[in-house]
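Reader: I am new to reading protein models, and I would like to go through this one step by step. Could you take my questions in turn and show how each answer is reached?

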Amino acid sequence: MPIQPIRLFGDPVLRKPALEVVDFDKELRRLVEDLTETMLDAPGAGLAAPQIGVGLRVFTWYVDGELGHLVNPSLDLSTELQDGPEGCLSLPELTYDCTRALSVVARGLSMHGEPVTIEGSDLLARAIQHETDHLDGVLFIDRLDSEARKAAMREIRESEWFGLERPTVKVSPHATRGLGI
């Protein structure tokens, strides 16, 4: 499967809430394969469909040797919190401490439409929350306190990649239902 260009901060697709997946077909399986290959090549601990320009509620993860994906996730978060470093493939070379729930129970579907429940803590919980945020148009820098967010925005503006022309997707090979995403 082809590795896709990762959309960078500033691309509008990263701020738009993704749509629920309704068709569990060959196109969805291809999307999961593309996400997986792109994430592993980057390399990253997770990748959401909007990060490759597809506005559907799908993400992949690779944490502690475990590879997986989830479609149409819903999360139950623990009240216990963790602070730790977080980065994002759409914000290259940017890492800041971010507060997340320590553990998560994620429910959704597989690419075949079968129910899936994932329970995780620490890094897996962080990755699942981070990728689900992407599906809601939220970036991890949105979760930083105002001082850290200000520093992150300054670092973004000074980065080599900021303001570069974003990759254009002529026609996505994935089902977008004519929504221009």
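Reader: How many bridges join strand β2 to β3?

Author: This is a predicted model, and in it strand β2 covers residues 58-63 and runs antiparallel to β3. Within this pairing, W61 has G68 as its bridge partner in β3. The bridges that join β2 to β3 come to six.

Reader: In which order do the strands of the open sheet lie?

Author: The open sheet is formed by five strands with antiparallel pairing. Its edge strands are β1 (46-48) and β7 (115-121), each of which pairs on one side only, and from one strand to the next the twist averages 40 degrees. The order is β1-β2-β3-β6-β7.

Reader: Which residue in β5 is the bridge partner of P85?

Author: Strand β4 (residues 81-88) and strand β5 (residues 91-101) run antiparallel and are joined by eight bridges. These two strands form a hairpin, with two residues between them. In β5, the bridge partner of P85 is D97.

Reader: In what sequence do the elements of the protein run from the N terminus on?

Author: The protein has three helices and seven strands. Read from the N terminus on, these elements run α-β-β-β-β-β-β-β-α-α.

Reader: Is F59 buried or exposed, and what kind of aromatic pair does F59 form with W61?

Author: A residue counts as buried under 20% relative accessible area, and F59, at 0%, is therefore buried. W61 has a relative accessibility of 2%, so W61 counts as buried too. The two rings lie 6.2 Å apart, centre to centre, with 50 degrees between their planes, and the pair they form is tilted.

Reader: How many residues apart in sequence are the parts that the pair of F9 and F162 ties together?

Author: There are three aromatic pairs in the count, and in the one made by F9 and F162 the ring centres are 6.5 Å apart and the planes stand at 35 degrees, so this pair is tilted. F9 lies in the segment before α1 (26-41), whereas F162 lies in the segment after α3 (146-158), so the parts that the pair ties together are 153 residues apart in sequence.

Reader: Which residues form one aromatic cluster with F9?

Author: F9 is buried, with a relative accessible area of 11%, whereas F162 is partly exposed, with a relative accessible area of 35%. The residues that form one aromatic cluster with F9 are W161 and F162.

Reader: Which residues make the nonpolar surface patch of about 260 Å²?

Author: One of the residues in this patch is L67, which is found in strand β3 (residues 66-77). L67 has a relative accessible area of 45%, so L67 is partly exposed. The nonpolar surface patch is made by L40, Y62 and L67.

Reader: How far apart in space are I52 and R7, C-alpha to C-alpha?

Author: I52 has its place in the loop between β1 and β2 and is buried, with a relative accessible area of 5%. I52 and R7 are 45 residues apart in sequence, yet their distance in space, C-alpha to C-alpha, is 5.7 Å.

Reader: Which residue forms a salt bridge with D11?

Author: Side chains of opposite charge can pair when their charged atoms come close. In the salt bridge of D11, the closest N and O atoms are 2.9 Å apart, and D11 and its partner are buried. The residue that forms this salt bridge with D11 is R7.

Methods: Residues are numbered from 1 along each chain as its sequence is written. This is a predicted model: local features need pLDDT of at least 70, side-chain atom pairs count only at pLDDT 80 or more; totals for chains, interfaces and linings use all residues. Side-chain values use heavy atoms; hydrogens and water are left out. Rings of Phe, Tyr and Trp (its six-membered ring) pair if their centres lie within 6.5 Å; planes under 30 degrees apart count as stacked, over 60 as edge-to-face and the rest as tilted. Helices (H or I, at least four residues) and strands (E, at least two) are DSSP runs, numbered from the N terminus. Buried means under 20% relative accessible area, exposed over 50%, partly exposed in between (1.4 Å probe, protein chains only). Patches are made of residues with over 30% relative accessible area and no salt bridge: like charges are joined within 9 Å, nonpolar side chains (Val, Leu, Ile, Met, Phe, Trp, Tyr) within 5 Å. Accessible areas come from the Shrake-Rupley method with a 1.4 Å probe; for residues, only the protein chains shown count as cover. A salt bridge is a side-chain nitrogen of Lys or Arg within 4 Å of a carboxyl oxygen of Asp or Glu. Two strands pair if DSSP finds at least two bridges between them. Axes are lines fitted to C-alpha atoms, for helices over the stretch in contact, and angles run from 0 to 180 degrees between N-to-C directions.
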